[in-house]
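Here are my notes on the ligand site, for you to check against the model. Have a look at the structure first, then read the points.

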Amino acid sequence: MPSHPAFTLRGYHAQDLQALVELFSAAVHQLGAADYEQTQRQAWAPAQADMPAWKTRLAALELLIAEDSRQLAGFIGFTSDGHIDLLFTAPRYARQGVAAMLYAAAQTRIEAAGATSVFTEASLTARPFFARQGFSVEQAQTVVRGAVTLQRFAMRKPLRPLNG
Ligand SMILES: CC(C)(COP(=O)(O)OP(=O)(O)OC[C@H]1O[C@@H](n2cnc3c(N)ncnc32)[C@H](O)[C@@H]1OP(=O)(O)O)[C@@H](O)C(=O)NCCC(=O)NCCS
């Protein structure tokens, strides 16, 4: 069992953009390799990232970043209605509780905003993670990106009302 490094959470700053997109790409290509073919991973995380599109996507989300003393370890992007849009862990920090820490902080914020459930579109890779957090599969989905298709799952977890 590796020792647990001290991860801290903080908000996103514009200067994180490059490192965040690099983390996303590394997570897709390394952690996703067990579940998706190379052509599928290239469609999901192209070698040339569309940075203007990333800026637009991130601007619509609440973002939390996990880091250790040296570098980004993971990030989550969500909206207060309960949608978890992005959740990625840097490969070198996989299975050390980074995503669980990010998810717990996001759920606390979503609950405080009054949402009654949390939902996501989970990759094959992320499905066991979300199942562990109490999500159930509502629907298998197929995403078409050009000539490539990717499987994912609509998953949801009910939340208890704060004052219920
Ligand atoms: C899915 C992902 C975010 C999980 O990140 P992580 O930081 O490694 O997850 P955690 O260490 O917090 O995992 C918590 C628990 O979730 C479950 N879990 C996480 N990854 C798992 C896997 N690959 N297989 C089975 N269970 C898994 C386990 O129960 C784990 O607890 P354990 O390690 O004590 O057994 C990460 O694998 C990732 O970035 N994947 C590639 C990109 C991706 O698919 N992102 C989600 C898009 S929807």
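1. Start with the backbone: a polar backbone atom of L87 sits 2.9 Å from a nitrogen atom of the ligand. R95 has a backbone N or O atom 2.8 Å from a ligand oxygen, and for Q96 that distance is 3.3 Å. All these count as polar contacts (N or O pairs within 3.5 Å). On its own the ligand exposes 920 Å², and the protein buries 79% of that (Shrake-Rupley areas, 1.4 Å probe).

2. A word on the source: this is a predicted model, with local features needing pLDDT of at least 70 and side-chain atom pairs pLDDT 80 or more, while totals for chains, interfaces and linings use all residues. Numbering runs from 1 along each chain as its sequence is written, and side-chain values use heavy atoms, without hydrogens and water.

3. The shell around the ligand has 21 residues, with T89, R95, G97, S123 and R132 coming nearest (a heavy atom within 4 Å counts as near). By class, the shell holds 13 nonpolar, five polar (Gly is put here) and three charged residues.

4. Elements supplying at least two shell residues each include β4 (83-89), α4 (98-112) and β5 (117-123). Helices here are DSSP H or I runs of at least four residues, and strands are E runs of at least two.

Conventions. A polar contact is a pair of N or O atoms within 3.5 Å; within protein, one must be able to donate a hydrogen and the other to accept it, and residues adjacent in sequence count only if both atoms are side-chain atoms.
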